[in-house]
Amino acid sequence: MVPHLTTALNGPLLELERRFLAASPQIEHWLRGQWLEYTPPFYSSVDLRNSGFKLAPVDTNLFPGGFNNLNPAFLPLCVQAAMSAIEKFCPEAKSLLLIPENHTRNSFYLQNVAQIAAILKQTGLDVRIGSLLPDLAGPTPVDLENGQQLLLEPLIRNGNRLGVAGFEPCAILLNNDLSAGIPAILRGLDEQVVLPPLHAGWAVRRKSNHFAAYDQVANDFAREIGIDPWRINPAFSVCRSVNFHERQGEECLAANVAAVLDIVRDKYREYEISETPYVVVKADAGTYGMGVMTVRSADEMIALNRRQRNKMSIGKEGLAVSEVLIQEGVHSFETVNGAVAEPVIYMIDRYVVGGFYRVHTGRGKDENLNAPGMHFEPLAFDTGCNLPDYRCDNPDSPPNRFYAYGVVARLACLAAAVELANTAPAS
């Protein structure tokens with residue numbers, strides 16, 4: 001199913017899509033050169049927003065949790081990409097330990113874990129699932145709504161190695177974003193490869209570092225193919241010392257909201273865009289759409305009511321929010337069955353392996369869709385996001401639109417690689 005796109009008949013994004021198609025040999029050559037210098041994360045997902053005049057990433061997840069939402073036809077592509085990633089990080093690997101989040105009651109998330117395990121098993125690895133749940137007394141089967149079953153096993157630490165009973169793997173794959181901190185049991189595993197590295201977790205990682213790296217990538221890429229980098233890059237700023245309950249840092253927030261809005265207004269005037277600029281204020285660390293709000297003027301940051309301050313003050317795992325990203329809002333003009341939608345692109349290693357649309361019937365084109373009430377359209381991408389149709393003169397054809405998605409998502413993946421290299425702890 002391909003969603004109705006309100007931008008299909010007008011808007012400069014079609015010109016940008018044509019630019020990507022015309023420059024695809026140059027783009028692919030440039031990306032290959034970048035991957036010689038930087039190592040992509042094992043896997044990632046990128047939330048994109050398509051406004052018709054702009055196509056940009058607004059979030060990059062290094063512990064993606066929606067593999068169950070991909071088109072089943074993409075499984076062979078996922079397996080091939082996973083083989084490439086494993087050969088890169090641990091070429092001698094025969095076994096792998098998968099460590100998920102502690103969401104044992106979230107059946108959709110557990111179906112994602114099962115799908116990741118299935119992909120890895122298809123690569124020829126022996127895969128077991130080790131849980132960080134503190135009260136897991138022994139191997140525990142979990143029945144899934146789709147008829148599958150997972151076996152969660154308690155982790156066992158043996159010196160500098162981690163495994164489960166009778167199983168010490170070559171590599172460890174985290175599907176737990178470490179929002180609550182890095183457990184002691186994961187530290188100092190010098191004899192095993194841990195993927196992604198521990199500093200990719202939200203205990204250490206910051207979105208502002210990612211988008212600083214994306215600035216570099218977007219500028220270099222835009223220079224390479226001759227476009228304005230703003231067309232693929234949301235402006236942003238950051239406030240480091242914020243306490244929403246105590247109203248600490250309001251001046252910083254208001255000033256940075258105003259500064260980002262000024263940048264966006266100037267660009268809207270340059271491109272004769274009539275939309276109302278807005279920014280998204282969100283926690284600089286964390287996921288699941290928590291601690292996120294849409295703001296259209298600096299005054300709104302001073303006038304937050306108690307409910308709004310409470311919402312913004314707490315992130316995943318109940319952690320207090322003290323660092324905040326102020327990011328240019330990108331309108332989403334894409335709809336599925338009349339509801340606002342945004343594409344989410346999934347990658348393993350440097351390869352696009354599929355995607356889906358996040359849809360929210362209760363949200364507008366200038367609001368966060370990663371919120372309660374959202375749903376996914378897993379069959380939205382009938383084709384991959386990396387194969388343009390050169391025989392077709394219509395850039396609105398699904399393969400060509402999805403190629404544009406894949407280009408920008410891979411730029412975000414490259415930015416994550418740069419980010420991880422820049423923030424790696426000294427050895």
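Begin by selecting helices H3 and H4, where H3 passes H4 in a right-handed crossing (the near helix is turned clockwise from the far one by less than a right angle). Everything shown here belongs to a predicted model, in which local features need pLDDT of at least 70 and side-chain atom pairs pLDDT 80 or more, while totals for chains, interfaces and linings use all residues. Residues are numbered from 1 along each chain as its sequence is written, and side-chain values use heavy atoms, without hydrogens or water.

With H3 (residues 75-89) and H4 (residues 107-122) on screen, the packing angle is about 70 degrees and the axes lie 8 Å apart; axes are fitted to C-alpha atoms, for helices over the stretch in contact, and angles run from 0 to 180 degrees between N-to-C directions. The two helices H3 and H4 are therefore roughly perpendicular to each other (65 to 115 degrees; under 35 is roughly parallel, over 145 roughly antiparallel, the rest oblique). Helices (H or I, at least four residues) and strands (E, at least two) are DSSP runs numbered from the N terminus.

Next, select H2 (residues 24-37) together with H5 (residues 207-225), which pack at about 140 degrees with their axes 10 Å apart. That angle makes H2 oblique to H5, and H2 passes H5 in a right-handed crossing.

Now turn to the strands and select E5, E6, E4, E3, E9 and E10, which in that order form an open sheet of 6 strands with mixed pairing; two strands pair if DSSP finds at least two bridges between them. At the edges stand E5 (140-143) and E10 (193-195), each of which has a single partner strand, so one side of each is left without a neighbour in the sheet. From one strand to the next, the twist of this sheet averages 30 degrees.

Within the sheet, colour E3 (residues 95-100) and E4 (residues 126-131), which run parallel and are joined by 4 bridges; on that pair, Leu-97 stands opposite Arg-128 in E4. E5 and E6 form a hairpin with 5 residues between them, and in the turn Gly-147 has a positive phi of about 95 degrees.

Follow the chain past E10 to the loop between E10 and H5, where Pro-196 is found. The peptide bond from Leu-195 to Pro-196 is cis, with omega near -20 degrees. A further backbone stop is Glu-272, in the loop between H6 (250-270) and E12, which has a positive phi of about 55 degrees although it is not a glycine.

For the other sheet, select E11, E14, E12 and E13, which in that order form an open sheet of 4 strands with antiparallel pairing. Its edge strands are E11 (236-239) and E13, each pairing on one side only, and the twist averages 20 degrees from one strand to the next. E12 and E14 run antiparallel and are joined by 5 bridges, and Val-279 stands opposite Glu-328 in E14.

The largest cavity holds about 250 Å³ of space (the volume filled by probe spheres set on the points, which are joined across faces, edges and corners). Of the 24 residues that line the largest cavity, select Val-58, Val-280, Lys-282, Val-292 and Asn-368, which are the closest to its centre. At least two residues of this lining come from each of E1 (43-50), E2 (55-61), E12 (279-283), E13 (292-295) and E14 (324-328). The lining of the largest cavity divides into 6 nonpolar, 8 polar and 10 charged residues, where Ala, Val, Leu, Ile, Met, Phe, Trp, Tyr, Cys and Pro count as nonpolar, Asp, Glu, Lys and Arg as charged, and the others, Gly among them, as polar.

Technical notes:
1 Å grid on protein atoms, 1.4 Å probe; cavity = no way out; pocket = protein on both sides within 12 Å on 5 of 7 lines; lining within 4 Å.
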